[in-house]
Amino acid sequence: MIGGRRPIRGRKPGDRRVRVERPHSAYFRYTGPGQLTAKVTASAPKTRVGRAWAQTRRVLFGRQLSNEEDAFERLPKKLALPIFSSDAISSSAYATEEILRVLVVGGASAIVFSIPVAIAIVVMLAIVSTSYRQVCRAYPSGGGAYVVARENISQIAGLVAAAALLIDYVMTVAVSTASAVAQVYSVVPQLYDLRIEIAIVAIALITIGNLRGLREAGLAFASPTYVFLGLALLMIGLGLFRIATGTAPDLAPPPDAVPVGTAPVTGFLLLVLCLRSFAGGSVALTGVEAIANGVPAFKPPESRNAANTMTMMAILLGILFIGITVIADVFHVLPTEEGGQTVVAQVAAAVFGDGSLLFILFQAATALILFLAVNTSFNAFPRLSAILATDGFMPRQFSFRGDRLAFSWGIILLATVAGALLVAFGGDVHALIPLYSVGVFVCFTLSQAGMVRHWRAERDPGWWWRAGVNLVGGILTLVVLLVVVSLKFTEGAWLVVVLVPALVAMMLFIHRQYAASSRQLALRPDQVIAPPRRAERVVVPIAGLNRAVVQAVNVGRSISPDVRAVLVSDEPDVAEHVRAEWEHRMPGVPLVVVESPYRALTGPLLAYLDVLDQAWPPDEEAPVTFVVIPEYVARHWWERILYNQSSSDVRRALIGRPDTVVTNVPYRREEPDAFERQPEAVET
Amino acid sequence: MNDSPRPALRRIVLALNGAPTDRLVVSYAASLGKPAKAELVALHVVEIDWTLPLDGSVSGLTEEAQRVLDIAEADAEHLGVRLEPVLLKARNVGAAIVDEAASQEADLLVLGLPYRKKFGGDFVMGSTVPYVFKNAPCTVWVVREPMPQEGA
């Protein structure tokens with residue numbers, strides 16, 4: 001190998017050359033004057049356990065991605081549609097059921113209102129999605145309701161929207177997973193008892209998928225969504241064909257059907273029932289905002305692609321929701337008690353034939369899209385958390401990206417809370433739904449109110465038309481919000497009403513903490529830092545005289561000439577022996593022996609430091625005391641139990657002590673030869 | 001017409017000089033070397049004045065020189081090839097390139113020829129390229145920087 005600084009002879013006399021070593025190249029690249037960029041090897045673990053953990057992570061989550069590879073993680077529309085819309089589209093699998101569950105109380109005369117209620121919801125979907133199209137165009141950096149409300153209404157309004165959105169995302173994970181499991185036990189009833197275990201495993205798998213990164217998750221999530229769309233459209237087409245040709249079956253109520261009310265409901269009671277069913281069915285709108293939040297994840301032109309994807313999603317969702325509701329109404333499908341077939345499963349069974357291949361395929365695809373709908377939240381929740389963390393309203397860790405450029409902290413928090421919620425509610429979709437809608441409509445209302453103010457402030461050509469759309473949407477969503485809160489308050493909506501202010505208070509508290517610390521740490525704009533003027537002194541706590549102590553004292557001498565060793569001892573004879581040896585071997589460094597008849601080590605040392613401080617001339621600025629702690633480096637994990645316990649106690653006790661700097665000086669057993677070469681350590 | 005088979009490419013030496021042509025040199029060498037699975041050696045020579053010791057440290061020069069190779073290494077990585085960087089100090093750049101190519105047993109030597117905008121703009125061959133042409137023990141490619149109107 002050619003190398004070193006030894007000149008290499010050339011072919012002609014005088015043509016010598018020297019190969020320059022590149023010691024940095026294994027870990028860094030020079031990318032500018034005085035600037036290095038770390039390679040992946042710089043953060044490679046050095047220990048055996050660290051390497052094994054890294055290998056496990058590589059297998060689970062894939063290789064580390066660099067920031068430069070971020071550009072390749074953008075989503076084309078055909079991947080963005082299933083990723084960001086699976087939540088909204090999949091809600092067609094349970095929205096109809098939520099309408100029927102309410103109307104069935106009012107008997108057959110009330111059930112006929114399921115189609116008008118569904119149409120009203122789809123009209124609202126059209127208004128909300130039109131409004132969010134405008135959000136996509138007005139806010140290409142994403143953030144959705146949070147950013148819109150913060151920028152156009154107030155910081156608090158933004159935080160309320162953010163809190164509602166965070167709750168909404170958690171609920172999406174919980175509700176979609178519970179509903180997916182319900183589709184599974186609609187086909188295999190024996191799995192009902194295992195519903196929670198299935199749900200937790202599904203969430204764990206989706207979590208791992210997302211920790212691996214957006215694009216890979218996108219590919220995995222795209223095909224089942226398209227399969228569901230294809231089969232659902234086929235089912236609706238066939239169902240409508242049978243209705244048009246007069247061959248629609250009149251299904252007998254299933255044995256476990258929810259009892260249909262017998263007393264006719266009219267007037268105000270019917271109106272309340274319709275409003276309640278509207279509130280229940282409006283879960284179909286959940287997830288609409290995800291695209292507006294995730295605009296930066298789209299390929300350029302981000303805003304246009306996101307807006308077009310939003311329209312496509314709204315059209316598909318509208319067709320599926322109305323189609324399933326019409327077929328369920330005409331075929332006389334009734335919801336069942338918990339554990340029975342879902343409404344959408346009954347519709348599929350009626351159209352494709354119960355137990356047929358297409359029915360099983362459709363159920364599998366429905367379950368899959370619902371499991372995968374969870375991914376919408378796994379994309380949006382961490383992004384919103386990262387925006388909030390960047391703004392100082394959530395812990396900064398939420399804005400850090402992991403090995404695969406995913407916001408790992410947000411992903412893990414979402415999975416944990418949603419999993420806990422599923423366990424707490426026993427995996428019951430209908431128990432979770434009332435918690436779901438409140439957060440969603442808080443976001444819609446704030447977002448649309450913010451957009452009205454945005455258009456008023458911008459006053460672009462045609463602003464009044466845009467503001468009008470948002471105003472109508474805002475009023476409608478506010479009405480729905482009030483209906484949902486008032487009618488479902490006792491069923492669980494109260495929890496969200498309590499949680500939103502609690503989350504806002506928490507975010508404000510975090511923000512105040514960060515603001516206070518940054519004020520304390522900030523330099524004055526005109527400040528030029530002069531060299532330090534304060535006196536420095538060094539205290540080395542010792543237990544005896546050995547190589548680690550000598551090394552620590554030498555480090556102390558390089559900090560300040562004022563160095564003293566302190567021996568806290570409960571054995572006067574031993575202390576006297578150490579002193580004698582110390583004075584012989586370490587001339588020039590005073591040793592203070594603190595006798596401790598009560599055998600405490602840390603307390604007397606701290607008291608000695610206090611005494612030193614008090615002895616300092618009061619008219620001079622207090623000195624900086626460096627406490628230099630000798631430490632023996634253990635080679636094995638089990639050795640750590642045997643050594644350095646006292647130094648750890650001292651270090652802990654000194655944390656936060658004013659004018660005190662704690663320095664650990666490790667002594668490695670592997671370096672005795674190097675130590676022997678130090679003349680000051682061996683010359684006695 | 002000569003229909004003899006093309007010689008196998010086992011090692012390509014890329015002589016880099018820190019100019020914009022370096023990217024072209026790496027890109028051409030990568031496109032040739034990748035299918036042939038050839039080893040790529042990026043070479044950058046810092047010319048040391050006769051008044052200074054050859055094996056002494058030259059402040060400021062080395063970091064700049066390391067950067068030339070680091071950028072080339074990063075470019076090669078993006079193109080999916082591995083590149084072995086070699087940094088040399090020598091009295092004569094041309095001689096050092098030729099000698100290193102010989103000791104590396106290179107099959108191909110690729111150099112860049114930058115376009116200079118000063119003095120009306122021209123390709124100035126200088127002394128290195130002609131020296132390498134005359135003395136290199138292997139095939140030599142010179143990658144010319146596009147002229148401004150070509151690049152526009």
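Which residue stands opposite Ala90(B) in E3(B)?

Modeller: Glu47(B) stands opposite Ala90(B) in strand E3 of chain B. The model is a predicted one, in which local features need pLDDT of at least 70 and side-chain atom pairs count only at pLDDT 80 or more, while totals for chains, interfaces and linings use all residues. Residues are numbered from 1 along each chain as its sequence is written, and chains are lettered from A and ligands numbered from 1 in the order in which they are written.

E3(B) spans residues 83-90; strands (E, at least two residues) and helices (H or I, at least four) are DSSP runs, numbered from the N terminus. Seven of the eight residues of E3(B) are buried, a residue being buried if 20 or more other C-beta atoms, placed from the backbone, lie within 10 Å of its own, exposed if 12 or fewer, and partly exposed in between.

E3(B) pairs with strand E2 of chain B (residues 39-47) in the parallel sense, over eight bridges; two strands pair if DSSP finds at least two bridges between them. The pair Glu47(B) and Ala90(B) has been named above. E3(B) also pairs with a strand of chain A: E1(A), residues 17-20, runs antiparallel to E3(B) over four bridges. There, Val18(A) stands opposite Lys89(B).

In a regular strand the side chains alternate between the two faces of the sheet.

Elsewhere in chain A, helix H16 (residues 429-458) has 30 residues. Because 24 of these 30 residues are buried, H16(A) is largely enclosed by the rest of the structure. Just after H16(A), Arg459(A) takes a positive phi of about 50°.

Conventions: Expected span 1.5 Å × (residues − 1).
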